[in-house]
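Thanks for coming, everyone. I would like to walk through one structure with you, going from the whole chain down to a single residue.

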Amino acid sequence: MDTRVSVPGWEPHGDAVLVAHVPAGLDRAYLFSLPRDLLVDIPAYPKAGYSGGKTKLTHAMSYGSRVPGKPKKPSAAQGYELLRSTVSGYTGLRFDAGAVVTFTGFEKLVDAVGGVDLYVDERTVSLHRRPDGRHREAAPGGGGYVGPQMVYEKGERHLNGWQALDYARQRYGLKNGDYDRQRHQQQLIRAIVAKMQSESLPRQPDRVEQVVGALGDTLVYAGGPRIVDLAYALGGLPADRLVLVGLPGEGVGKGSGYRGEQLKPVGRQFLTALKEDRAEQYLADHPELVVKN
């Protein structure tokens, strides 16, 4: 989530929404993203004083995080509850566990596992960072940033925490904008899983607790089995059995009338197949949805 921690009382936004589905056999998993601008029905959430409405998915985290009487102290855990309900309603899937991580937390996670190895599948120029990792300065009068830019060239790369976070945030200048960013985020998640598996970390409860402890309050774990139990259960799942799925979408409205994104039928039908335990066959029939790198 994007918290803008430098702004007091800033309501968190769901900057990236990823869903992992693990069939009962625990021998494979599917990871897909939902566009943060996906136009969805957000249900009423009395706990935050929200009456419900149809708007972009990213706002579910914001609306749910509001704590009546405490306008400067939003709750990420509450935000997650409403986001989960919204995604469950849209996909038809039941969620057993979930987590919210801040930008800082994601950076810490990557550093805690010693960085990740990733194939950068398209040249990506950073909007936010300089080559030395420092943040670029805001342009005079607003409207962007100035100064040298970090560039992620195509090919095999080793990324540390700030590089992984920066790479995961970029969408401008990419051919398919946010949809390319979603693919890059999924690839990073798989790279983190691969790094953990290479060190047998999921089967070492003390090491798992050490990594989680390093994240501190930048991680909110919401419900389900304990993280150490979840990690151990999935510890035998090879990273190459984590199937990345790209769901194509398109804009609703244009120009000043733009309202958000919607998934194309082939993407919506994948969600139905997933719910009915037909994902493997569906992807065999629609191989274009499988992310290759």
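If we take the contacts in the chain with a separation of 6 or more, 59% of them are between residues 24 or more positions apart, and please keep in mind throughout that this is a predicted model.

Turning to the overall build, there are nine helices in the chain, together with 15 strands, and the C-alpha atoms fill a box of roughly 55 × 45 × 40 Å along the principal axes. How does the radius of gyration of the chain compare with that of a compact globule? For 293 residues, such a globule would have a value near 19 Å, and because the chain has 19 Å, the two agree.

As for the surface, 45% of the 293 residues count as buried, while the chain exposes about 14,600 Å², of which carbon and sulfur atoms supply 52%. Among the side chains, 38 are positive and 33 are negative, and the centres of these two sets lie 5 Å apart.

From glycine 147 to leucine 127, which is 20 residues apart from it in sequence, the C-alpha to C-alpha distance is 9.9 Å.

Terms used: Residues are numbered from 1 along each chain as its sequence is written. This is a predicted model: local features need pLDDT of at least 70, side-chain atom pairs count only at pLDDT 80 or more; totals for chains, interfaces and linings use all residues. Side-chain values use heavy atoms; hydrogens and water are left out. Helices (H or I, at least four residues) and strands (E, at least two) are DSSP runs, numbered from the N terminus. The radius of gyration is taken over C-alpha atoms; the globule rule is 2.2 Å times the number of residues to the power 0.38. Buried means under 20% relative accessible area, exposed over 50%, partly exposed in between (1.4 Å probe, protein chains only). Contact means heavy atoms within 4.5 Å. Accessible areas come from the Shrake-Rupley method with a 1.4 Å probe; for residues, only the protein chains shown count as cover. Lys and Arg count as positive and Asp and Glu as negative; His and the chain ends are not counted. The place of a charge is taken as NZ of Lys, CZ of Arg, CG of Asp or CD of Glu.
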